[in-house]
Amino acid sequence: VYRVSNWKTKKVLSSTEYSLIFTLASLYALNSVYAFYMFFELFFVHLRYICLYNVIWILFLMNLIRSITFFLIGTNVLRKAPPTVNDIMIELPVFIYFSAFFLLVQQWARLSTISSIHRQRYERLWTFLLTLANIMMYLIFILILIQYETIDDREERCGGRLADLV
């Protein structure tokens, strides 16, 4: 829908697209329930897999946010939300996924230096570097959100479009 005059005659999404969005939201919800189950199974049953707790918890959080996002998209709640909320709900799980990847790299580094004489020093170095990388990644995310929130893009719009009225 590009022009204001035909906004009532055109639907944004078809019923098939809505059903696909709700299916995707349900699959993310199932993944988050499974990750929650795995977290508690590892925590209460298999205490030896302590290194996986953080990764599974982060994957649970990522799937939960994605599920909520797609349920909100399917119910058209995010269309009325401010652009910053849309950006956070859509982009934050990607950054959370990268945090899980950083934790996996940290576990790999810990396992690769397990027989080293300087294991403590390597472990502290990897932990420091990956924590610094995570902090930098989230700071960049916050700076991008601030930039998009403060930028004035009104002069780039074309008159008579539906986006001008929203």
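Analyst: The structure holds one cavity of 30 Å³ or more, where a cavity is a set of points on a 1 Å grid over the protein atoms alone at which a 1.4 Å probe fits but cannot get out, and where a volume is the space filled by probe spheres set on the points, joined across faces, edges and corners. This is a predicted model, in which local features need pLDDT of at least 70 and side-chain atom pairs count only at pLDDT 80 or more, while totals for chains, interfaces and linings use all residues. Residues are numbered from 1 along each chain as its sequence is written, and side-chain values use heavy atoms, with hydrogens and water left out.

The largest cavity contains about 40 Å³ of space, and its lining, meaning residues with an atom within 4 Å of a point, consists of Q106, A109, R110, T113, Y122, E123, W126 and T127. Two or more of these residues come from each of α3 and α4 (119-150), helices here being DSSP runs of H or I with at least four residues, numbered from the N terminus. The most is given by α4, with four residues. By class, the lining has three nonpolar, three polar and two charged residues, with Ala, Val, Leu, Ile, Met, Phe, Trp, Tyr, Cys and Pro counted as nonpolar, Asp, Glu, Lys and Arg as charged, and the others, Gly among them, as polar.

The axes of α3 and α4 come within 10 Å and cross at roughly 170°, the axes being lines fitted to C-alpha atoms over the stretch in contact and the angles running from 0 to 180 degrees between N-to-C directions. These two helices are therefore roughly antiparallel to each other, a term for angles over 145 degrees. Their contact (heavy atoms within 4.5 Å) has 17 nonpolar, five polar and six charged residues.

On its other partner, α3 (residues 83-112) packs with α2 (residues 53-74) at an angle of about 165°, the axes lying 9 Å apart, which makes α2 roughly antiparallel to α3. The contact includes I58, L61, M62, I65 and L72 of α2, and I90, P93, Y97, A100 and L104 of α3; by class it has 18 nonpolar, three polar and one charged residues.

Helix α2 also packs with α1 (residues 15-44), at about 160° and with axes 8 Å apart, and α1 and α2 are therefore roughly antiparallel to each other. The residues of that contact divide into 21 nonpolar, six polar and one charged.

Technical notes
Parallel < 35°, antiparallel > 145°, perpendicular 65-115°, else oblique. 1 Å grid on protein atoms, 1.4 Å probe; cavity = no way out; pocket = protein on both sides within 12 Å on 5 of 7 lines; lining within 4 Å.
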